[in-house]
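Thanks, everyone. Please have the model open.

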Amino acid sequence: MKILTNPHFLLTLTSIIGLLYSLSLPNIYKSKALLVAVENIDSGIPGGVSGIAGLAGITVPSLGGENNSSKAIPKLSSLSFFENNIMPNIFLPDLFAVKSWSSETNALVYDDNIYNKNNNTWVRDYSYPQKQIPSVQESYKKFLEEHFSLKEDNKTGFITLTIKHQSPYVAKSWLELIVNEVNSFYRQKDKLESEKAVIFLNQQIARTDLSEIKRVIAELLQEKTQKLTLIEVNQSYVFEYIDAPAVMEEKSEPNRASIFFVSMFIGLLLGIIFVLSKHYFLEKKS
């Protein structure tokens, strides 16, 4: 019992525990992307033209493209975006079952208690509401809590996306996937809306014999066609890179030195407490 209250022993014990704990933690690599919102593709329809069309009883459908970036920021962290755009495009064991990563072979080792790679089967223990194969909601929660982060600078408007993973290659690929998918999502959305507007305008121009109205509709169609062309050629539709993600060579965590020194500090603090307590009780007895 005396040895357990010895300050030197406590310092040594906590230091060893801290060292062993820090060495047991896997290296985590962080991939970052700095993004800026792309200016909206303006419909280009002059107010007077749209006003004349309105007077003629022609209401052009929504042309899309407005404030896509402001809507895309919360979209990136939404369950629906993860379910429809992220989860189908990643290897789920990379999210749940990675045990280690080899820098020499660039190979991931999976925890056999969670996922059997040879049989491609999930073997993990689980309890309700979990399932044998992780659900969308469980995967989404783990993705947000352990891997993904988003930060917006209100002054500059820059957006920083970060992915953490044991493999720097997986971190980079997931980050590129997120940016590509959000750009594709809004590009397809605006493309469909613009195509519907073109169909509608073609129907309207066929129904009228008034030359002035035909001219107005023709101008609307010209602007819509131009916008469709821009949508097709613009891959960075909502966000473009200022700094693209990279495969990082250095880990971001854990900070093993900090863990070791914190454990030493705890051991030193416990030793001081035991010494003071022992001194207090000795004085009280005497």
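**Salt bridges and a helix crossing**

Arg215 is partly exposed, at 37% relative accessibility. On our scale, buried is under 20% relative accessible area, exposed is over 50%, and partly exposed lies in between, using a 1.4 Å probe and protein chains only.

A word on sources. This is a predicted model, where local features need pLDDT of at least 70, side-chain atom pairs count only at pLDDT 80 or more, and totals for chains, interfaces and linings use all residues. Residues are numbered from 1 along each chain as its sequence is written, and side-chain values use heavy atoms, leaving out hydrogens and water.

What does Arg215 pair with in a salt bridge? Its partner is Glu219, with the closest N and O atoms 2.3 Å apart. A salt bridge here is a side-chain nitrogen of Lys or Arg within 4 Å of a carboxyl oxygen of Asp or Glu. Glu219 is partly exposed too, at 26%. Both residues sit in helix H8, residues 211–233, about one turn apart. Helices are DSSP runs of H or I, at least four residues; strands are runs of E, at least two; both are numbered from the N terminus.

The count comes to 5 salt bridges. Another joins Arg124 and Glu138, at 2.8 Å, N to O. Arg124 lies in the loop between strand S5 (121–122) and helix H6 (136–147), and Glu138 in H6, so the pair ties together parts 14 residues apart in sequence. Arg124 is buried, at 9%. Glu138 is buried, at 18%.

Next, Lys189 and Glu193 meet at 3.3 Å, N to O. They are 4 residues apart in helix H7, so about one helical turn separates them.
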